[in-house]
Amino acid sequence: MNKFTQLTEFTPKHQHRAYVNSAVRFHTPCTKEDRLAAAIKAGWNVFQFPSKFTVGDFLSDSGTTTPTIEQLAASLLGDEAYGTNWGYEQLLEQFEKTFGITLLGDDAEWEIFLFHQCRAAEHALFTQIGRGKKGLIIPSNGHFDTTHANIEMNGIEALDIVSVNDHFFLGNIDTTKLFRTLNTENVPLVYCTVTNNTMAGQPVSLENIADIRRWCDKFKKPFFLDACRFAENAWFIKENERQRSTIPEIVHEMFSLCDGFTISLKKDGLANMGGALCVKKGTVLFEEYPDILDNLRDHQICTEAHPTYGGMSGRDIMIVVEGLKTVVTQEYLDSRILQVRAFGDYLDELGIPVVKPFGGHAVYLDVDKFYEGTLMRREDFGGISLTALLLLNGPRLCELGAFAFGTYDPKTGKETFPPFNYVRIAIPRNKYEIEDLFYAADCIKNLHNKRDFIPRAVCTHGKEKTLRHFKARFELQYK
Ligand SMILES: Cc1ncc(COP(=O)(O)O)c(C=O)c1O
């Protein structure tokens, strides 16, 4: 080593980002009174609070990515033609490169269906899978809520069987339960979400994916991935399972093991819009569903339009082409996931109860532990109060616990609560600097210090509704 390079060798305490800002947007000037008035008007519902008053919008990581200049430049080249826009071919080429599948040419092994979002792709798939059939069950390591709803809407049971055995890969499917389900139930296909959003963004190992493949082969069942955060999942595989492989190699291996996948391009497509369903031809899926490709195409044309844009504009398509190049680079993923980790570590140092290990896209607060030793009970919806009060400082978080996943029966007055009670802090990609995250952590710490004085949240509208967290209104009240 050269002596100058030797002099500069050290392990820095801070990680630099993989990018620099090329455009910024200043916050809308506002006072705490402006935010208070807006929060009351919104019924303290974070979804109805104006984004212009937020400082740190952590409601979702979906569709909130800041584009790169390459994406912005490519979007100007978007071709808005109704039929066979020129970006479509580039998209197929990029899908081939990123996922290691073949989509172009007469001997293409895969078929692609574009949609405006992943849930539209799920809707198309499960409409075909459920049509005219009864008693079907689709097992998964963790169905996302729209996946769950799209499955059940088509008369199929959605079953979650997450494993609790692995040290690093807490998103894995429980293969013993999978075997039992395949052995006893009528399963049209097996699903696996990478990373497992429902389980706090935890990753799934390559070994687990390969095990699912083996069980599916044994029982002659198709295997599909919910690939929304495929690149983040590959990063964890590299860290804990396959240090010597590159991210693109791991991604190719993941996708070589499945018969199809749905993907929200609003996550690891690094785009603000887009979804897709990809199906491998000639697999066991076609024994039970010989006409599925034609039927899916009809569904797509009727609901989303021409197959070469399917609900996306030509600009969106070009943004995805560029996004899929960036998302599998080591530099991007290091920046992304180590930022989430640094934020989680800081919250942990502050004594805030967080779910560990940290996943790829978010940090989750454990609401029950947050209020331990106070008078706050589950039925007081302390997660809602916390997210409501934080709005006054600027950060917008999302309760995914006792309220979002609980139910209320107005006839009996009975309430049910889920086994976990979390608040999610989802980190948008390429959007915030670590100071923004530390600011949010300091605001949470302030309320943690004052947790004995946080009021309960009383639901004044929508307690009995489905998907009630989007619709409800609250008042903050002392007992
Ligand atoms: C794991 C997972 N699957 C599916 C979806 C649905 O994607 P979209 O929002 O594009 O409909 C999401 C969205 O957050 C998700 O996280």
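Which of the 14 residues around the ligand come nearest? Before I answer, please keep in mind that this is a predicted model, in which local features need pLDDT of at least 70 and side-chain atom pairs count only at pLDDT 80 or more, while totals for chains, interfaces and linings use all residues. Residues are numbered from 1 along each chain as its sequence is written.

The residues that come nearest to the ligand are Q117, C118, R119, F144 and S264, where a residue is near a molecule if its C-beta atom, placed from the backbone, lies within 6 Å of it. Two or more residues of this shell are given by each of the elements α5 (118–130) and α6 (145–153), helices being DSSP runs of H or I with at least four residues, strands runs of E with at least two, both numbered from the N terminus.

Turning to the whole chain, the protein has 18 helices and 14 strands. Its radius of gyration, taken over C-alpha atoms, is 23 Å, close to the 23 Å that the globule rule (2.2 Å times the number of residues to the power 0.38) gives for 479 residues, so the chain is as compact as a globular protein of that length. The C-alpha trace spans about 75 × 65 × 45 Å along its principal axes.

Of the 479 residues, 46% are buried, meaning that 20 or more other C-beta atoms, placed from the backbone, lie within 10 Å of the residue's own. Finally, helix α16 (residues 382–390) is largely enclosed by the rest of the structure, because 8 of its 9 residues are buried, among them G382, I384, L386 and L390.

How values were computed
A residue is buried if 20 or more other C-beta atoms lie within 10 Å of its own, exposed if 12 or fewer, and partly exposed in between; C-beta atoms are placed from the backbone.
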